[in-house]
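Have a look at the rings and tell me if you read them the same way.

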Amino acid sequence: MKAEYRKGYLQRDSVEREEYAGARSIGSRESRERGGASDVLEKILDRNNLNRAYQQVKRNHGAPGIDGMTVEAALSWLRENRVELLGSIRDGKYKPSPVRRKNIPKPDGSGVRKLGIPTVVDRIIQQAIAQQLQPLFEPLFSEGSYGYRPRRSAQQAIRKVKTYAEQGYSHAVEIDLSKYFDTLNHELLMNLLRKQIQDKRVTGLIKKYLKSGVMENGIRRKTEEGSPQGGPLSPLLANIYLNEFDQEMQSRGVRFIRYADDIVVLAKSKRAATRLLKSSRTYLENKLKLQMNAQKSKVVSAVARKHFKFLGFALGKNRNGMYIRVHPQSLTKAKRKLKELTSRSQGRNARQVMENVKVYIRGWIGYFYAADMKRILQSWNEWLRRRMRMYIWKEWKKPRTKVRNLRNLGVPEGQAYPWGNTRLGYWRIAGSAIMQRSVTNKRLVQAGYYDFPAQYERLRQLYLNG
């Protein structure tokens, strides 16, 4: 469903792309002819670059900013205001709007993650900037950095941790940065940007975005530090900032893996790991002016699954060697979510429930496929089938409806009547032979049940062969 949904959007995108370009949306011949090694702004404002930025913002389906403008409404606005918008950016007069604050509860319940949602127009401009700056900074980034980079992933990051552990680096330093995105030092960040970007108009525009402020409960607050999560430019700026730490570790010959602000430093002994924890804290706090969470930052065994956790993964060890597994907390969270999705009290029909489960579990497996979890998924599959039989049984409601449906599904009347009128609980009925014989696995699949272990096996084989 998700693929078809995106396909429909892409078909409309192609039409609107032509309209956007035909309207000479943003960009002109003059801007393309100016060129120059330091003329980065004109590359950002190039028509094709801005069109790509618009399409990317549209594909992300983000919420409106403080002005309430949707992505769909932005197209006509850009057509009408393109000249003024481009002129104000080139002249340095453009003023980004404050971001809309939205607090998202953290998965572990430790607080909230503060998102800053820019207006759609600002998201398009930020995306256009990021598209031009990413290739400029990409060659400067470390091999140990995996987050928000082309052709790099969380799966590759945990695989690298496993490789290091197999080489004897069995002690991990888990580094937790307190409110990293909210505490980036603007002066340090701007100095790093100016080293690579000679076009002062671009660095000036980025600084305006950093200082644009936050709108929360109708009150605008200044932003003297940080780069709020939620804008297309924020991940790149975060990588540029922490690349200083990466280069420091690399120059010392230290094994490390970083995914955005999730950092693991590895050592061969607990003593060496303890030293690295101390020196990492000194560098991060003194040089980069960041705050390390002393309680959450610690030295653990990389193969102790209850202690070591990175990007939701853990490592295990058996007679065959090291392997990647899903961390117990991630498993618990997913099981809880599946239980919510199949709750009998939500009032949706069974087919819709199965579709919602399918969407969730496809995404979950699409992230965790690098882990060895065949037996876990087989167990979940049996459990979810029973949950769905329980849901269907409740959906039938009245005894006479249950009797009729059981008969329609091939249960003899002599068995259908007593079962349809039973007082046994939902969960017990769902596991009974009568329900497995009537609401068979095959019929569940025909109704939309997603037999997910097969997807895992396919992705797992591609991963192992890759």
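1. Is Phe368 buried or exposed? This is a predicted model, and in it Phe368 has a relative accessible area of 7%, so Phe368 is buried. Trp364 comes out buried too, at 8% relative accessibility.

2. On to the pairs: searching the whole structure turns up 11 aromatic pairs. One to look at is Trp364 with Phe368: the ring centres are 4.7 Å apart and the planes sit at 40°, so I'd call this pair tilted. Both residues belong to helix H13 (residues 350-368), where they are 4 residues apart, about one turn of the helix.

3. Next, Tyr369 and Tyr463. Their ring centres are 5.9 Å apart with the planes at 75°, which is over 60 degrees, so the pair is edge-to-face. Tyr369 sits in the loop between H13 and helix H14 (374-396), while Tyr463 is in helix H20 (residues 453-465), so the pair ties together parts 94 residues apart in sequence.

4. Both tyrosines of that pair are worth checking for burial. Tyr463 is buried, with a relative accessible area of 11%. Tyr369, at 19% relative accessibility, counts as buried because the cut-off is under 20%.

5. Finally, the arginines. Arg159 lies over the face of Tyr463, 4.4 Å from the ring centre. Elsewhere on the list, Arg152 lies over the face of Tyr146, at 4.7 Å from the ring centre.

How values were computed: Residues numbered from 1 in each chain as written. Predicted model: local features only at pLDDT ≥ 70, side-chain atom pairs only at ≥ 80, totals over all residues. Heavy atoms only, no water. Phe/Tyr/Trp six-rings, centres within 6.5 Å; stacked < 30°, edge-to-face > 60°. Helix = DSSP H or I, 4+ residues; strand = E, 2+ residues; numbered from the N terminus. Buried < 20%, exposed > 50% of the residue type's maximum accessible area, 1.4 Å probe, protein only. Lys NZ or Arg CZ within 6 Å of the ring centre and 35° of its normal.
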